[in-house]
Amino acid sequence: SVNPMAYEAQFFGFTPQTCMLRVYIAFQDYLFEMMLVVESVILKKLVGFPDCKISPFQIRKSTEKFLLFMKDHFDKLFSKMEEVLLQLVLNIPENVLLPEDKVQEQYPYSKEQFQALQDEIRQLQQQYKAEASAGQALRAELEEQKAVQAELEKILQWFDGLENICREHGTGNFKESFAFLTQNSKKLQDVLKEVEEKSK
Amino acid sequence: APSRAQVFATVVDTFLEKLVAAGSYQRFASCYRCFYKLQPEMTRGIYDQFVSQLQASIKEEIQEVKDEGNLEVLFNSLDKIAEEAQSREEPAWRPSGIPEEDVRSAVVPYLLKHRSYLRKVLKEKEEENGKVAESVLAGRERIAELQQLIQARKRAWQ
Amino acid sequence: LGHLQTSQAQVLSTKPDYQKILDDQGEVLSCMELVLDELQQAAKLLQ
């Protein structure tokens, strides 16, 4: 049934009850110490009155009597003080939310919502990885294309070279030249045949 | 309303006053009656010393507790936090006692930040890939063109 | 990651077979070899 005052402990860094207990014990120790000092002072003083009939036992009795009385009042007063301090000073009113907990009210996420948010983040991470690898694949294809393009251009250059050779040897349009050559050869053949016939 | 530090000081002072009032000189003298009869002045002196020493020790202890617990600062900041919450009626959130429950909301802002970052970089990556894809498509067209050119040259020769 | 639909999935899925494109050029070159052989023979014949 004890209120652990956990929220106060979060704020103060100690539980208020611990703090009060610490104060109580310290106060009580002082009271006891003071009483012992009083008693020892009185006993010392009595040494100066040898003929008085007061025994140390009597003084001890007086000390205990006074201490008992003080202790009783001390406890009553202390519990009153503790009650007031725990209520008014060392406590955090119900309607107060500590700054570090503002997120609890800004983001009151249920377990399902939290899970959904985590899933979405996981999905986004996967998506990003996929997108990144797609990017790599595209870049790899660009490299491939460069090589293939170079090969194809080499072949085209080869064709150009072929045509340049023809051009260098006066055959601008190879096809026509070839046809022309073929015609000439045919004519040559005809002429050759005529010559042969005439010579016969 | 008085600040927490003021209330604390007042309550402790009141405690001390009442404690001293309870342990009055009369009470003290009546407990040490035999010595009091013998030496009333001395009794008074011892009592006065007892009271002032007790008060000094208790005040010193309180100051020590304040210093150790940094209470002045904490009281003032709690006063401020409580003042800010004055307008609110209903009870505020409190730890549920189940850490994994409570940590969720504390983590959410970071997750939301992470989510928007991921969305941003994913969008950038998609845009970037879009550009690369355009180059790839252009490259494919160029290669198809070259293939056609080569085919045309070959057919011409054929 | 393959199962994830990326923004350029369509482009990636229509990637041509560049090796085949290069192989096809082999066919062009061997065809040209034939043509040139024929030409050479024809030229020899003409000669």
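I will talk about two places where chains meet in this structure, which is a predicted model.

Let me begin with chains A and B, where helix α3 of chain A, residues 56-89, packs against helix α1 of chain B, residues 4-22, with the two axes 10 Å apart and at an angle of about 170 degrees. Angles over 145 degrees count as roughly antiparallel, and α3(A) and α1(B) are therefore roughly antiparallel to each other. The crossing of α3(A) and α1(B), if you turn the model to look at it, is right-handed.

As for the residues that meet there, the α3(A) side includes A:Phe69, A:Phe74, A:Phe78 and A:Leu85, while the α1(B) side includes B:Arg4, B:Phe8, B:Phe15 and B:Lys18. Taken by class, the residues of this contact of α3(A) with α1(B) divide into 17 nonpolar, one polar and two charged.

Now to chains C and B, where 16 residues of chain C are in contact with 14 residues of chain B. How much area do chain C and chain B bury between them? The value is about 1,300 Å², with 68% of it on carbon and sulfur atoms. On the chain C side, the residues that lose the most area to chain B are C:Gln8, C:Val11 and C:Val28, which together make up 30% of what that side buries.

Notes:
Residues numbered from 1 in each chain as written. Chains lettered and ligands numbered in written order. Predicted model: local features only at pLDDT ≥ 70, side-chain atom pairs only at ≥ 80, totals over all residues. Heavy atoms only, no water. Axes fitted to C-alpha atoms, helices over the stretch in contact; angles between N-to-C directions. Helix = DSSP H or I, 4+ residues; strand = E, 2+ residues; numbered from the N terminus. Parallel < 35°, antiparallel > 145°, perpendicular 65-115°, else oblique. Left-handed = near helix turned anticlockwise from the far one by under 90°. Contact = heavy atoms within 4.5 Å. Nonpolar A, V, L, I, M, F, W, Y, C, P; charged D, E, K, R; others polar. Buried area = accessible area lost by both parts, 1.4 Å probe.
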